[in-house]
Amino acid sequence: MTAAGAPPPTVEVSVTGLRSAKGQLLVCLTTNPKAFPDCSKDKASVRMAVKATDAGDFAVHAPAAGTYAIAVVHDENSNNKMDTAIFLPKEGFGFSRNPAITVGPPSFRSASFAVAGDMRQSIRMKYML
């Protein structure tokens, strides 16, 4: 728990491995395992868009201390969604703690981390196509 009046914790995020500086990153921070990696089902999630040119270092403000996971999509054409081709993502993606990706997205547990105060997460992007 943060002390009364203390600002909520900040997660400094740096994303590496972008294949281009086009478009934006769609970033989602959630505590809900059922809503990971698609935060649209989690009203309490923190969602934001970051210009791809700013991917090297940006801040995500967690609502409170807790266990979170971050999912990032490199939305190269800025249409606010991940484009797919025959079930494979056409755009890049990445997750906190950089879990191994086999078939489908990683589990919340493999990407989650504890947030008790300000901290850093480095996320490496992956591209399937």
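A salt bridge is a side-chain nitrogen of Lys or Arg within 4 Å of a carboxyl oxygen of Asp or Glu. The legends below describe close-ups of a predicted model.

**View 1. Salt bridge of Lys81 and Asp83.** The side chains of Lys81 and Asp83 meet with N and O 3.3 Å apart, so the pair falls within the 4 Å limit. Lys81 is partly exposed, at 47% relative accessible area, whereas Asp83 is buried, at 12%. By this rule there are four salt bridges.

**View 2. Salt bridge of Arg19 and Glu76.** The closest N and O atoms of this pair are 2.9 Å apart. Arg19 sits in the loop between β1 and β2 and Glu76 in the loop between β5 and β6, so the contact ties together parts 57 residues apart in sequence. Arg19 is partly exposed (41%); Glu76 is buried (16%).

**View 3. Salt bridge of Arg120 and Asp57.** The N to O distance is 3.5 Å. Arg120 belongs to strand β10 and Asp57 to the loop between β3 and β4, 63 residues apart. Arg120 is partly exposed at 48%, and Asp57 is partly exposed at 47%.

**View 4. Disulfide of Cys28 and Cys39.** The sulfur atoms are 1.7 Å apart, and the link is right-handed, with 45 degrees about the S-S bond. Cys28 lies in strand β2 and Cys39 in the loop between β2 and β3, so the bond ties together parts eleven residues apart in sequence. Cys28 is buried at 6% relative accessibility, and Cys39 is buried at 3%.

**View 5. Nonpolar surface patch of Leu88, Met128 and Leu129.** Together these residues have about 250 Å² of accessible area. Met128, in the segment after β10, is partly exposed at 39%.

Definitions and conventions
Residues are numbered from 1 along each chain as its sequence is written. This is a predicted model: local features need pLDDT of at least 70, side-chain atom pairs count only at pLDDT 80 or more; totals for chains, interfaces and linings use all residues. Side-chain values use heavy atoms; hydrogens and water are left out. Patches are made of residues with over 30% relative accessible area and no salt bridge: like charges are joined within 9 Å, nonpolar side chains (Val, Leu, Ile, Met, Phe, Trp, Tyr) within 5 Å. Accessible areas come from the Shrake-Rupley method with a 1.4 Å probe; for residues, only the protein chains shown count as cover. Helices (H or I, at least four residues) and strands (E, at least two) are DSSP runs, numbered from the N terminus. Buried means under 20% relative accessible area, exposed over 50%, partly exposed in between (1.4 Å probe, protein chains only). A disulfide is a pair of cysteine sulfur atoms within 2.5 Å.
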